[in-house]
Amino acid sequence: MKLQGKLALVTGAYRGIGKACAEALAREGARVIATDVSAQGPGYEGDVLYHQCDVGSQADWERIGEAIDAEGGKIDILVNAAGVAPTKSGVHDVTMEDWDFILRVNQTGVMLGMRMATARMLGKGPLSIVNISSIWGQVAGTGQIAYHASKGAVINMTRNVAVTYARQGIRANVILPGLIDTEMVRAQKPEMNAVTLALTPMGRIGHPNEIAEGVVYLAGDTSSFVTGAVLPIDGGFTAQ
Ligand SMILES: NC(=O)c1ccc[n+]([C@@H]2O[C@H](COP(=O)([O-])OP(=O)(O)OC[C@H]3O[C@@H](n4cnc5c(N)ncnc54)[C@H](O)[C@@H]3O)[C@@H](O)[C@H]2O)c1
C-alpha cells in the first residue's frame with residue numbers, strides 16, 4: 001500500500017471524481033477525510049470519515065482545520081475535487097450571479113483549501129496537493145466563460161504554490177480531466193457531450209477511477225520529484 005500512515009482530505013467527495021479519489025486513497029492505506037457541501041456523506045469503501053464542507057465558505061474551512069488539528073494538526077494529502085458547471089453561458093450573457101457562484105466554488109474554494117493545508121504544514125512538510133482542473137482550463141471549448149476562467153486559475157494557482165513552497169516540502173500538481181462519466185456530465189446536454197467525445201482521440205468517455213489513479217500517483221511519495229506538473233487524463237484531447 002503506497003499511502004499507509006498518511007492523512008488525506010478530499011473535497012467534493014460525495015460523488016463522482018471526488019468519491020473515486022477518496023476511495024482510491026483509502027485503498028492505498030491513507031486515512032481519508034471526505035468532504036462535500038452535502039450535509040450527509042454516501043457510504044464509502046475503506047477508512048473514510050465524512051465532514052460537511054462548502055469549499056467556498058471560510059467558516060467551513062475553519063471547522064475542517066479544527067478537525068485536522070484534532071487529528072494531530074498534520075495533513076499529508078489534499079485533493080481539491082469539488083467543482084460546479086451549472087451554466088454554459090458565454091461572455092455576452094453571463095450573469096454576475098453565475099460568475100460569482102462558479103468562481104467562488106471552483107477558484108476560491110481551491111485557494112481556501114490550499115490555504116488551510118499550507119498554513120498547517122509550513123515547516124512541517126511533506127504535503128502533497130492535487131487539484132482537479134479540466135481540459136477547459138488549458139484549451140477552449142465554446143461558452144462556459146466562468147468555468148474556463150475558474151479552471152485556468154486552478155492551473156496557475158497550482159504552479160504558484162508549487163514554486164513558492166518547493167523548498168519547504170510542499171508539492172502541488174494539477175490534473176486536467178477530459179470527459180468523465182459523472183453526474184456533472186450526465187446533467188449536460190447530450191449534444192454537448194457528443195462534441196467533446198467526437199474530439200477525444202480515444203473515442204470514449206473516461207471513468208472516475210482513471211482520474212483517481214492519477215491522484216494516487218501525485219499524492220504519494222513515488223512522485224516525490226514532481227511539482228507544478230499539469231497532467232491531462234483526457235484520452236488524448238489536449239495532445240491535439
Ligand atoms: N466529469 C467531467 O467530465 C470533468 C471534466 C473535467 C473536470 N472535471 C472536474 O472534476 C471535479 C469533479 O467533478 P465531477 O465530474 O465528479 O462532478 P460531480 O458533479 O459528479 O461532483 C462534484 C462534487 O462536488 C460537490 N460540490 C459542489 N459544490 C460544492 C461546494 N461548494 N463545496 C463542496 N463540494 C461541492 C458536489 O456536491 C459533488 O459531490 C470538478 O472540479 C469538475 O469541474 C470534471
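## The ligand and its surroundings

A nitrogen atom of the ligand lies 3.5 Å from a backbone N or O atom of Cys53. The model is predicted: local features need pLDDT of at least 70, side-chain atom pairs count only at pLDDT 80 or more, and totals for chains, interfaces and linings use all residues. Residues are numbered from 1 along each chain as its sequence is written, and side-chain values use heavy atoms, with hydrogens and water left out.

| Residue | Protein atom | Ligand atom | Distance |
|---|---|---|---|
| Val55 | polar backbone atom | nitrogen | 2.9 Å |
| Lys151 | side-chain N or O | oxygen | 2.8 Å |

On its own the ligand has 820 Å² of accessible area, of which the protein covers 93% (Shrake-Rupley method, 1.4 Å probe). Two or more residues of the shell come from each of α1 (16–27), α4 (145–164) and α5 (183–186); helices are DSSP runs of H or I with at least four residues, numbered from the N terminus. The largest share, three residues, belongs to α5.

Of the 28 residues around the ligand, those that come nearest are Arg15, Asp36, Tyr147, Ile180 and Thr182 (a residue is near if one of its heavy atoms lies within 4 Å).

## Two helices

The axes of α2 (residues 58–70) and α3 (residues 96–121) come within 10 Å and cross at roughly 30°, the axes being lines fitted to C-alpha atoms over the stretch in contact, with angles from 0 to 180 degrees between N-to-C directions. Helices α2 and α3 are therefore roughly parallel to each other (angles under 35 degrees).

Methods:
Polar contact = N/O pair within 3.5 Å; in protein donor to acceptor, adjacent residues only side chain to side chain. Parallel < 35°, antiparallel > 145°, perpendicular 65-115°, else oblique.
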